[in-house]
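Here are my notes on the model you sent over. Have it open while you read, and go point by point.

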Amino acid sequence: MYRIEMPHLNNKFRDSRVCVIGLGYVGLTLATVMAGAGFNVIGIERRQDLLEMLNCGKPHFFEPGLEGRLRKGIQDNRLSFFKEIPAECRATTYIITILDYYLRQVVQKVMDGEFILKSPRILVKYGKLWGL
């Protein structure tokens, strides 16, 4: 078995705070890898049972190496999980990895002023970039 070294984020990179909305297979894996690369990641998940597992460093599915990276991200204070976007969230980039039904609910809440996205650059959903 070989080991792949992850590139680490340059300290001068200005968008190092990221919020990943939806912590299913795509969102959790992405959030964990980004934390390992040096990003500060806030993960948002609506399911309380998953939040409890994640906050204990346990993923809800198997992916080789995921649990160790998840625990390291939490230990290094680069990865944290919440049910809603915290008021003190300082993310500059928001990545949405949720189903269309839930995406419409999030977008409606943003439009209604319930969620205030602070200076987001782009939203990413299933590989599509949405400029704001």
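1. What covers its buried residues includes helix H1 (25-36), helix H3 (66-75) and strand E3. Buried here means under 20% relative accessible area, exposed over 50%, and partly exposed in between, using a 1.4 Å probe and protein chains only.

2. A word on what you're looking at: this is a predicted model, where local features need pLDDT of at least 70 and side-chain atom pairs count only at pLDDT 80 or more, while totals for chains, interfaces and linings use all residues. Residues are numbered from 1 along each chain as its sequence is written, and side-chain values use heavy atoms, with hydrogens and water left out.

3. Back to H2: which of its residues are buried? They are Leu 50, Leu 51 and Leu 54. They sit on the same side of H2 because they cover an arc of only 100 degrees around the axis (the arc is taken from the directions from the helix axis to the C-beta atoms). After H2 comes Gly 57, with a positive phi near 80 degrees.

4. Now the strands. E3 pairs with E2 (residues 40-44) in the parallel sense, over four bridges; strands count as paired if DSSP finds at least two bridges between them. Look for Ile 42 opposite Ser 80 in E3.

5. The largest nonpolar core has 18 residues, and Val 20, Leu 23, Leu 28, Val 41, Leu 79 and Phe 81 have the most contacts inside it. Such a core is a set of buried Ala, Val, Leu, Ile, Met, Phe, Trp, Tyr and Cys residues joined through side-chain atoms within 4.5 Å. Two or more residues each come from strand E1 (17-21), H1, H2, H3 and E3, and H1 gives the largest share, four residues. A second, separate core of ten residues includes Cys 19, Ile 85, Ala 91 and Tyr 94.

6. Leu 23 deserves a click. Setting aside neighbours within four places in sequence, its contacts (heavy atoms within 4.5 Å) include Leu 28, Gly 43, Leu 54, His 60 and Phe 81.

7. Finally, the overall picture: the protein has four helices and six strands, and buried residues make up 39% of its 132 residues.
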